[in-house]
Amino acid sequence: MMESTASLRGLTWQELEITAEAGLASELDVYLTSFQLGGWVVEAELPQLKWVVYLPCTGNWEECYSRLVQGLQELGAQIKQRRSLVDEDWANCWKQYYHPQRFGKQLVVCPSWEKFSAEAGDKVITLDPGMAFGTGAHATTAMCLEMLERVFSQEVKPEAVLDVGTGSGILAIAARLLGAGRIVASDSDPVAVKTAGENFQINGLNTDCEILQYVGVPQKWGAFPLVCANLVASLLVRLARPLSEVVEPQGQLVASGIVQERAEEVIDAFSQVGLQVKDRIDSGDWVCLLLAHS
């Protein structure tokens with residue numbers, strides 16, 4: 001993932017434009033994620049995709065750019081350089097793409113730099129994601145937010161939540177606003193941990209909330225009634241067993257970041273460790289699962 005602007009003062013950035021056929025959306029999404037280009041925005045989806053990526057000019061960035069070009073061409077996409085930006089411009093130009101957005105019946109995600117007039121019953125998540133972290137605009141996060149609403153509408157609501165791969169902290173914050181008393185969030189990226197911590201503070205999550213840098217699934221807190229894992233299919237398959245071990249016997253797991261083509265592989269991996277699908281949301285090329293012990 002890209003570093004925060006605080007650690008990249010005085011640098012320039014390359015603003016890159018990627019274009020491709022609309023059907024390549026899921027492949028591009030997976031490729032850019034694996035390439036660790038967390039910062040991109042969707043400028044257009046039809047009649048063709050137009051995505052904008054920001055590449056920091058650090059170290060061997062020219063080599064990084066060449067590899068990015070080659071990989072995109074192999075997928076059938078095109079990329080071109082739009083302009084160079086100094087860090088002050090970069091820090092603000094991408095914000096034009098993010099505005100308050102509703103998810104489900106109650107949740108609203110509002111960027112910290114915008115004002116929003118909440119309606120009765122709204123649960124507003126104020127978010128400063130940085131370029132590398134989720135705002136809810138991506139289908140995988142949006143589906144998780146919808147699934148969280150479903151979980152917290154059940155008669156027995158989870159009192160504690162573990163969020164593995166928290167990113168901006170958006171799912172952990174949503175869970176707290178929906179009624180969870182205790183939150184534990186983890187991420188392998190120290191920038192994500194810092195960003196999530198700041199967003200916790202913005203949203204008043206000052207008690208019974210912990211954030212830590214951790215690779216894999218933290219297990220020292222034991223099992224939880226609800227676990228969130230918005231990762232990617234390959235990680236979910238690899239972490240299926242440790243994830244199952246932190247879900248209480250009567251608990252549930254929200255798993256997302258799954259492309260349609262790998263959904264059955266993920267379902268099978270969890271089935272082998274005793275977790276079965278209880279609910280499912282499909283959105284375009286993406287799948288979100290709610291799993292529970294059989």
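Biologist: How many helices and strands are there in the protein chain?

Modeller: This is a predicted model, in which local features need pLDDT of at least 70 and side-chain atom pairs count only at pLDDT 80 or more, while totals for chains, interfaces and linings use all residues. Residues are numbered from 1 along each chain as its sequence is written, and side-chain values use heavy atoms, with hydrogens and water left out. Helices (H or I, at least four residues) and strands (E, at least two) are DSSP runs, numbered from the N terminus. On that basis the protein chain holds 9 helices and 14 strands.

Biologist: What percentage of the 294 residues in the protein chain is buried?

Modeller: Buried means under 20% relative accessible area, exposed over 50%, and partly exposed in between (1.4 Å probe, protein chains only). Of the 294 residues in the protein chain, the buried share is 51%.

Biologist: Is strand β1 largely enclosed or open, and how many of its 10 residues are buried?

Modeller: Strand β1 covers residues 12–21. The strand is largely enclosed by the rest of the structure, because the buried residues among its 10 number 8.

Biologist: Which residue of β3 stands opposite E17?

Modeller: Two strands pair if DSSP finds at least two bridges between them. β1 is joined to strand β4 (residues 78–86) by 8 antiparallel bridges, with I18 opposite I79 in β4. β1 also pairs with strand β3 (residues 48–56), in the antiparallel sense, over 9 bridges. In β3, the residue opposite E17 is V52.

Biologist: How many residues lie between β2 and β3 in their hairpin?

Modeller: Strand β2 (residues 40–44) runs antiparallel to β3, and 4 bridges join them. A44 stands opposite K50 in β3. Between the two strands of the hairpin, the number of residues is 3.

Biologist: Which residue follows α2, with a positive phi near 95°?

Modeller: Helix α2 (residues 61–75) has 15 residues and reaches 21 Å from its first C-alpha to its last, close to the 21 Å expected at 1.5 Å a residue; the expected span is 1.5 Å times one less than the number of residues. Its buried residues include W61, Y65, L68 and L72. The residue that follows α2, with phi near 95°, is G76.

Biologist: Which are the edge strands of the open sheet of 7 strands?

Modeller: The order in this sheet is β10-β9-β8-β11-β12-β14-β13, with mixed pairing. Each edge strand pairs on one side only, and the two are β10 (209–213) and β13 (275–283).

Biologist: What angle does the direction of helix α4 make with that of β13?

Modeller: Axes are lines fitted to C-alpha atoms, for helices over the stretch in contact, and angles run from 0 to 180 degrees between N-to-C directions. Contact means heavy atoms within 4.5 Å. Within the sheet, strand β8 (residues 160–164) and strand β11 (residues 224–230) pair in the parallel sense over 4 bridges, and D163 stands opposite C228 in β11. Helix α4 (residues 139–152) packs on the sheet, touching β8 and β11 among others, and its angle with β13 is about 125°.

Biologist: Within what arc do the buried residues of α9 fall?

Modeller: In helix α9 (residues 263–271), the buried residues are A263, V266, I267, A269 and F270. The arc is that of the directions from the helix axis to the C-beta atoms. Seen down the axis of α9, these residues line one face of the helix because they fall within an arc of 160°.
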